Amino acid sequence: MKNVNYLSVAEEVMQQVKSKGAFLIAKSKDDEKINVMTIGWASIGYLWSKPIMTVLVRKSRFTHRIIEKASSFTVSIPTGDLKKALSFCGIKSGRDFDKFKECKLSVVPAQKVDTPIINISGFHYECKIVYKSKMNPDFLCKEYKEDVYADNDYHTFYFGEIVACYETIG
């Protein structure tokens, strides 16, 4: 494991999120339930004088129920070929499948948050949830409402202070 500056790999990470996806892991504080889903949207920046990663989860997703009861989330960005696992975790629901078992994924403890990371070669962001906000469609441009949210299944935004960023190999 090698600690890295979150910004030094941000361009590479965002390209991966955009083109292939990344794993978002959430762990409920109530019942310790853990779920993984594939994300294709995220943002890395600097807010409130802190490094922040923002992820979006639709209310209809199983992960939404879990992340709503979480104090943190992690994002694992594979550097190897995990196309099948990313696809499965993006299409199938944790309500119906044990995605870890189906995709032969395992978790290991994170360094600084309660939510684990996926045990893969790649970059890992550990994020402490500092703010969340449900989308208000009244403030969204008409084009996005019609193109992205035709089904009215809006996202909740989760802002996570990046408390650790590192790369694992093998």
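Which residues have the most contacts inside the largest nonpolar core? In this predicted model they are Met53, Phe73, Val75 and Tyr125, within a core of 29 residues, where a nonpolar core is a set of buried Ala, Val, Leu, Ile, Met, Phe, Trp, Tyr and Cys residues joined through side-chain atoms within 4.5 Å. Residues are numbered from 1 along each chain as its sequence is written, and side-chain values use heavy atoms, with hydrogens and water left out. Because the model is predicted, local features need pLDDT of at least 70 and side-chain atom pairs count only at pLDDT 80 or more, whereas totals for chains, interfaces and linings use all residues.

Met53 touches, among others, Phe73, Val75, Tyr125 and Phe159, not counting residues up to four places away in sequence; contact means heavy atoms within 4.5 Å.

**Aromatic rings**

The structure holds 5 aromatic pairs, counted where ring centres of Phe, Tyr and Trp (its six-membered ring) lie within 6.5 Å, with planes under 30 degrees apart called stacked, over 60 edge-to-face and the rest tilted. The rings of Phe88 and Phe97 have their centres 5.5 Å apart and their planes at 80°, so this pair is edge-to-face. Trp48, Tyr131 and Phe159 form one aromatic cluster.

**Accessibility and Lys69**

The table uses relative accessible area, with buried under 20%, exposed over 50% and partly exposed in between (1.4 Å probe, protein chains only).

| Residue | Relative accessible area | Class |
|---|---|---|
| Phe88 | 18% | buried |
| Phe97 | 31% | partly exposed |
| Lys69 | 32% | partly exposed |

Lys69 is found in the loop between helix 2 and strand 6, and Lys69 touches Lys27, Ser28, Lys29 and Asp30, leaving aside residues up to four places away in sequence. Between Lys69 and Leu86 there are 17 residues of sequence separation and a C-alpha to C-alpha distance of 24 Å.

Definitions and conventions: Helices (H or I, at least four residues) and strands (E, at least two) are DSSP runs, numbered from the N terminus.
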